[in-house]
Amino acid sequence: MGDKRTTVDDAVADLRDGMTIGIGGWGSRRKPMSVVRAILRSPVKDLTVVSYGGPDVGLLCAAGKVRRVVFGFVTLDSIPFDPHFGRARETASVEVTEYDEGMFLLALQAATQRLPFLPTRAGLGSDVPRLSPQLRTVTSPYADGEELLAVPAQPLDVAFVHLNRADQRGNAQYLGPDPYADDLFCLAAEKRFVSTEQVVSTSELTELGPVQSLVVNRSMVDGVIESPGGAHFTTAAPDYGRDEMFQKHYVDSAKDPDAWPSFVDRFLSGDEAAYQREVRAFSGVAA
Amino acid sequence: MSDVTRAEVAIAAVADLFRDDGEIVASPMGAVPSWGAKLARATFAPDLMLSDGQAYLVDADGVVEGWQPFRRMLDTIVPHGRRHVVMGANQIDRYGNQNISAIGDHARPTKQLLGVRGAPGNTVNHRTSYWVPRHSTRVFVEAVDVVAGVGYDNAAKAGPAAQRHHDVHRVVTNLGVFDFGGPDHAMRAVALHPGVDPGDVSAATGFPVDCAGADTTRLPGAEELRLIRDVLDPDGLRDREVPA
């Protein structure tokens, strides 16, 4: 019965330059932000980041960690655009593979099922195939003869997801309204890390929520990181909602190249405990 | 009803998009589309299903009637096709191609927008309409920079699999209601809002639009106005969404 507990910094220490990493959550919702902050502190670079993108993508781009982004969108939800991702695109400092949201899901599903591709209608007729000329179509062998897009599997070297609760073996649970695709990120990856608001005993998991909320099981996880507030400033409902005031501060700072260094100095230059301390101070001052 | 505002006309026009849709998921993106869908459900389209914008389907009283997390939306609801989305658009061209991805050359855009999001899948799987609050030559362009939502010409080029369920239904703007019923599926005016003339449309559109057959958009009725003013938007945000 393995104890898989580890720390964000130890988890990130496994990363190597050029790896493909998957980041769970969706937009500015239940993102493994403490892991992202640990990556910012690490020397790793040239990552391919596979994400339903939010501030995870923005922060990693701003820190020069990213070579390519595989995405269907990058948004902060209550604020439409992430300024760092915008700047990275507008200066062509990152490459992109831009998918339809449903294609993105199929790419993960193909990887989880160990299939080379899955067919879909989504993407046909759009600029997605023009912008990713490696994409191919596949023709149905049946009477309909339909020619569909063949979405290639998107395997991951490492996946990071943030869930509300986990036990030390890696059984993990979401307690909010939406599981997103976190289980698929884990299944598509060689190495899998779950950060969680709280590590609890296995028996507590089914006391906290219905058994259907246990979307990740221990065979899908290599490391468990206890990280209270680890999704901040994105939502981790029902533990906490999005910190809208802080997200706005992030965006205002990110928009202004002169303001960004002081944001980095204050929030991103120490460890996770220092971050959480500064966030509490920020909320206290701003409230 | 001389006090009916342009915003109220537009909301009723969006509601009319859902006429005869039956028991499907309406997915309105943004304030005016949401008010329109709710107005339709409260009046002539009671079977419409609406999400709370998160993971729940909620009925008219806000009671949760179903679960619709993002993944179910993508792997079941969109491909299954019993859905009508009303998306926004940074650009739309004459044949109904839409862009929400980026402005300029995709390799180095002058302005990064959202990305294509679900627009490619939506447009080849089920009925799609658009809402444009500020009808202008910046939005209605000769050719979009990135095809996110698929128009009629590109669906035809991509073949039968792309055309089979392709159905770009209407564009509602602050000036009128448009469809793609012109020659070769070109955009044409179905109705112009009261006070709008074809010259206004022509000046605000980057390609020719046939307005010859256009009616005048209907005014919302008394019950619809009550719902818009007292129930859906009691704070009067609609006049900020839609320029008069």
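Predicted model: local features only at pLDDT ≥ 70, side-chain atom pairs only at ≥ 80, totals over all residues.
Modeller: Residues are numbered from 1 along each chain as its sequence is written, chains are lettered from A and ligands numbered from 1 in the order in which they are written, and side-chain values use heavy atoms, with hydrogens and water left out.

Biologist: How many helices and strands are in chain A?
Modeller: Helices (H or I, at least four residues) and strands (E, at least two) are DSSP runs, numbered from the N terminus. On that basis chain A has eleven helices and twelve strands.

Biologist: What radius of gyration does chain A have beside that of a compact globule?
Modeller: The radius is taken over C-alpha atoms, and the globule rule is 2.2 Å times the number of residues to the power 0.38. The C-alpha trace of chain A spans about 65 × 50 × 30 Å along its principal axes. For 287 residues the rule gives a value near 19 Å, and chain A agrees, at 19 Å.

Biologist: What percentage of the residues of chain A count as buried?
Modeller: Buried means under 20% relative accessible area, exposed over 50%, and partly exposed in between (1.4 Å probe, protein chains only). One buried case is A:C186, at 0% relative accessibility. Of the 287 residues of chain A, the buried share is 59%.

Biologist: Is helix 2 of chain A largely enclosed or open, and which of its residues are buried?
Modeller: Helix 2 covers residues 33-41, and it is largely enclosed by the rest of the structure because eight of its nine residues are buried. The buried residues are A:M33, A:S34, A:V35, A:V36, A:R37, A:A38, A:I39 and A:L40.

Biologist: Which residues are in contact with A:V49, beyond its neighbours within four places in sequence?
Modeller: A:V49 is found in strand 3 (residues 47-51) of chain A. At a relative accessible area of 1%, A:V49 is buried. Contact means heavy atoms within 4.5 Å, and with the neighbours within four places set aside, the partners of A:V49 are A:I21, A:I23, A:V57, A:L60, A:V66, A:R68, A:V69 and A:V70.

Biologist: How many helices and strands has chain B, and what is its radius of gyration?
Modeller: Chain B has nine helices and 14 strands. Its C-alpha trace spans about 45 × 45 × 30 Å along the principal axes. A compact globule of 244 residues would have a radius of gyration near 18 Å, and chain B agrees with this, at 17 Å.

Biologist: Which elements do the buried residues of helix 1 of chain B pack against?
Modeller: Helix 1 of chain B (residues 6-16) is mostly covered, with ten of its eleven residues buried. Among them are B:V9, B:I11 and B:V14. In chain B they pack against helix 2 (31-42), strand 10 (127-132), strand 11 (167-173), strand 12 (176-179), helix 8 (222-232) and helix 9 (238-241).

Biologist: How many disulfides does the structure hold?
Modeller: A disulfide is a pair of cysteine sulfur atoms within 2.5 Å. In chain B, B:C211 counts as buried at 12% relative accessibility. Over all chains, the number of disulfides is zero.
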